[in-house]
Amino acid sequence: MVYDTFFLDKRPPQGGHQPMNHHAIYHETSAPYAYAKDEDHLYVRLRVAKGEVSEVKVYYRDRYMHPPLYQIKTLKKSYEDGLFAYYDTTLALKRNRYAYYFKIQEEAGPSWILDERGLWEKKPRVLRPYQYPYIAKEDVYQGADWLKEAICYQIFPDRFHRGEGSDQV
């Protein structure tokens, strides 16, 4: 059902198809939605509403290359919870300087373009792709091997008895 946001009255879907929930679509250029896997690979993730998308593609290129020649890669659905589906992939370019945008195909409807400025039904005349300027060696997280099998405890001393009476937890 489509809901009018002002009066919250139910209206039947127009044209026989349920519009995609645009508020569920989310991406940002920081973890966990975009991060360096290593010096040569960028991981990207897109969140959409569960059951509304049939395919997601990412168009990516070297952000400094002119004219802009985009490569295309299809994202795979990696996870689904009660509300959202998550699509992700790993990108690789010779000079790890990325500009990218997404093309989202609705299950039973039109395709949409998602760039840094928002969601578009048609590709805008001036596209503003997401930017991941450069992957430096220092940007890549290198966890210690022993930590992968370790059990860590976090101790919060302020949560213990302080002897003050009323503010004890």
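Me: Why is Tyr-70 called partly exposed?
Reply: In this predicted model, Tyr-70 has a relative accessible area of 25%. Buried requires under 20% and exposed over 50%, so Tyr-70 falls in between and is termed partly exposed.

Me: What makes Tyr-101 count as buried?
Reply: Its relative accessibility is 3%. The cut-off for buried is under 20%, and Tyr-101 therefore counts as buried.

Me: Why is the pair of Tyr-70 and Tyr-101 called edge-to-face?
Reply: The ring centres are 5.2 Å apart, and the planes stand at 80°. Pairing requires centres within 6.5 Å, and edge-to-face requires planes over 60 degrees apart; the pair is therefore edge-to-face.

Me: Which parts of the chain does this pair link?
Reply: Tyr-70 lies in the loop between β5 (53–62) and β6 (71–74), whereas Tyr-101 belongs to strand β9 (residues 98–106). The two are 31 residues apart, and the pair links distant parts of the chain. Ring pairs also join Tyr-59 with Tyr-70 and Tyr-101 into a cluster.

Me: How many aromatic pairs does a search of the whole structure find?
Reply: The search finds nine. One of them joins Tyr-35 and Tyr-43, with ring centres 4.8 Å apart and planes at 35°.

Me: What makes Tyr-43 buried?
Reply: The relative accessible area of Tyr-43 is 7%, and buried means under 20%; Tyr-43 is therefore buried.

How values were computed: Residues numbered from 1 in each chain as written. Predicted model: local features only at pLDDT ≥ 70, side-chain atom pairs only at ≥ 80, totals over all residues. Heavy atoms only, no water. Phe/Tyr/Trp six-rings, centres within 6.5 Å; stacked < 30°, edge-to-face > 60°. Buried < 20%, exposed > 50% of the residue type's maximum accessible area, 1.4 Å probe, protein only. Helix = DSSP H or I, 4+ residues; strand = E, 2+ residues; numbered from the N terminus.
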